[in-house]
Amino acid sequence: MLRSLFLTLFLIVIVAMPVRAQDGAAVAVVRDTSDQLLTALRAERGRLSGDRLALMSLVEQILMPALDFRLTARLALGRAARDADEVQLRRFEGLFREMLLRTYTAPLLEYADDIRIEFPPPLPPRETDRATVRTELLIGDRPAVPVNYAMRRVDGQWRVYDVVIAGISAVITLRRDFESDIRKQGLDGFMDRLESHIGALRARDATER
Amino acid sequence: MNAFRKSVLALLALLTLGLNGCATDPYGAYDPDPIEPVNRIMYGVTDLADRAFLEPVADFYILVTPDPVRDGVTNFFDNLGTVNVIVNDLLQGKVEQGASDTARLAINSTIGLLGIFDVATPMGFEAHDEDLGQTLGVWGLGEGPYLFVPFSGPNNLRDVGNIPMSFITNPMYYIWDSGVTGPLSVLSIVNSRANLKTASRVRDEAALDPYVFTREAYRQNRMYKVYDGDPPTPGIDEALDEALEAELEGL
């Protein structure tokens, strides 16, 4: 009786261990990256608030190793990604990255001092190479905003490919947004429009200094 | 009477048709936004009014009120909205949650000085987010056609009852005093808009088509709320999720 209980416990531990280890590794990527990012933003606030390009390149340097950005770009592009050639994919990735950096870095810096990130118990992993890391974003005294990171493991390295804020997936929302435009004017026409959209952000950032 | 009954039946049939929005093929059959041209006009008008009046007022409000004051204002209106939450807790059969929210309302309305301070959360009575649309969702209704309600915002046929429901459950409108209720209503609107400042900025910058961006963000967020933060799929459409899965597998 006792032996079978012991055996069962032993088996559970053996089976659960690799799963926990992987999950822990995915959580660690999110935790380390966000720690590193917030620390850097807080330390260099003075210099960064007046220099948008420096802010963007700092954020890019810290985030990119933790992202599977190629996958994010492909998913955001949707069906058009299948027919796109390498040149088009590269162009889109570049534009997409710049748009995200120009959009999200300023609010990030603004809230950096007040942001706390907590890690509720992780969700059970869906597959061995896919995981969702749950976090709660706390800004000041405001209610926690649940932020989930969809991650994939490639060559032993966990990387984020989607961010889901209060149920709103960045990939799905942008994919829907892009999709209607791609359908209307084709992939190249869409990218031209994206480029002129970014042009407006560039102009704004230039006058902001 | 007969004619009345017939028209009610017709209306019900229409509603169920519209609300059976569960079939999903993002590229084909299922269209979440069948009246898009009308919605786009409503969106345009609302956006124009927002940029001309509400947003500048909200910007000024943010400028002149310190953060703690704005948090207090937000708490005050959230507390008034708790009655709506309790009613919907009960409609969804969440009795324990309803009891907790009732305690929350009682505590914050008294010790929390009319709701300005949220003292209930640290005491273990955390806020919940329930409304009529979520209740109907829990009962099994699909989202139905997307609606952009002028001067209000994104909505759909299932959730649109939230607007009258939030009025009739708000104590503010029972203690009617034109000297107080009017200014309070204005403050409520301006404060809500101020709380959306970061979100609207992101929309302005990240979206190629802010209309689609708003719609898709709204749909996902509502799905998430109906399932109390734990939707069966990460996205809104099973077919889209399957497409994502297939693309992930194919890499």
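I started with N170(B), which is buried at a relative accessible area of 12%. Buried here means under 20% relative accessible area, exposed over 50%, and partly exposed in between, with a 1.4 Å probe and protein chains only. I noted that this is a predicted model, in which local features need pLDDT of at least 70, side-chain atom pairs count only at pLDDT 80 or more, and totals for chains, interfaces and linings use all residues. Residues are numbered from 1 along each chain as its sequence is written, chains are lettered from A and ligands numbered from 1 in the order in which they are written, and side-chain values use heavy atoms, with hydrogens and water left out.

**Entry: N170(B), continued**

I placed N170(B) in the loop of chain B between helix 7 (162-168) and helix 8 (178-195). Helices (H or I, at least four residues) and strands (E, at least two) are DSSP runs, numbered from the N terminus. I then looked at the side chain of N170(B), and one of its polar atoms lies 2.9 Å from the backbone nitrogen of M172(B). A polar contact is a pair of N or O atoms within 3.5 Å; within protein, one must be able to donate a hydrogen and the other to accept it, and residues adjacent in sequence count only if both atoms are side-chain atoms. I also checked F77(B): its C-alpha is 9.3 Å from that of N170(B), with 93 residues of sequence separation.

**Entry: S100(B)**

I found S100(B) in helix 5 (residues 95-110) of chain B. S100(B) counts as buried, at 16% relative accessibility. Leaving out residues up to four places away in sequence, S100(B) touches F125(B) and H128(B). Contact means heavy atoms within 4.5 Å.

**Entry: helix 2 and helix 10 of chain B**

At what angle do helix 2 and helix 10 of chain B pack? I read about 105 degrees for helix 2 (residues 36-64) and helix 10 (residues 210-226), with the axes 11 Å apart. Axes are lines fitted to C-alpha atoms, for helices over the stretch in contact, and angles run from 0 to 180 degrees between N-to-C directions. Helix 2 and helix 10 of chain B are therefore roughly perpendicular to each other. Under 35 degrees counts as roughly parallel, over 145 as roughly antiparallel, 65 to 115 as roughly perpendicular and the rest as oblique.

**Entry: chain A overall**

I counted 7 helices and 5 strands in chain A. From the N terminus, the elements run α-α-α-α-α-α-β-β-β-β-β-α. Of the 209 residues of chain A, 43% count as buried.

I looked at helix 4 (residues 69-77) of chain A, where 7 of the 9 residues are buried, so it is largely enclosed by the rest of the structure. Among the buried residues of helix 4 are F69(A), L71(A) and L75(A).

In what order do the strands of the open sheet stand? I noted 1-2-3-4-5, with antiparallel pairing. Strand 1 (115-118) and strand 5 stand at the edges with a single partner strand each, so one side of each is left without a neighbour in the sheet. Two strands pair if DSSP finds at least two bridges between them.

I went through the pairs in turn.

- Strand 1 and strand 2 (residues 130-139) of chain A pair over 4 bridges; R116(A) has L138(A) as its bridge partner.
- Strand 2 and strand 3 of chain A pair over 8 bridges; their hairpin has 5 residues between the strands, and G140(A) takes a positive phi near 55 degrees.
- Strand 3 (residues 145-154) and strand 4 (residues 157-165) of chain A pair over 8 bridges; their hairpin has 2 residues between them, and D155(A) in the turn has a positive phi of about 50 degrees.
- Strand 4 and strand 5 (residues 168-169) of chain A pair over 2 bridges; V164(A) stands opposite S169(A).

I saw R152(A) in two of these pairings: R130(A) stands opposite R152(A), and R152(A) stands opposite R159(A). Last, I checked burial in strand 2 of chain A, which is mostly covered, with 7 of its 10 residues buried.
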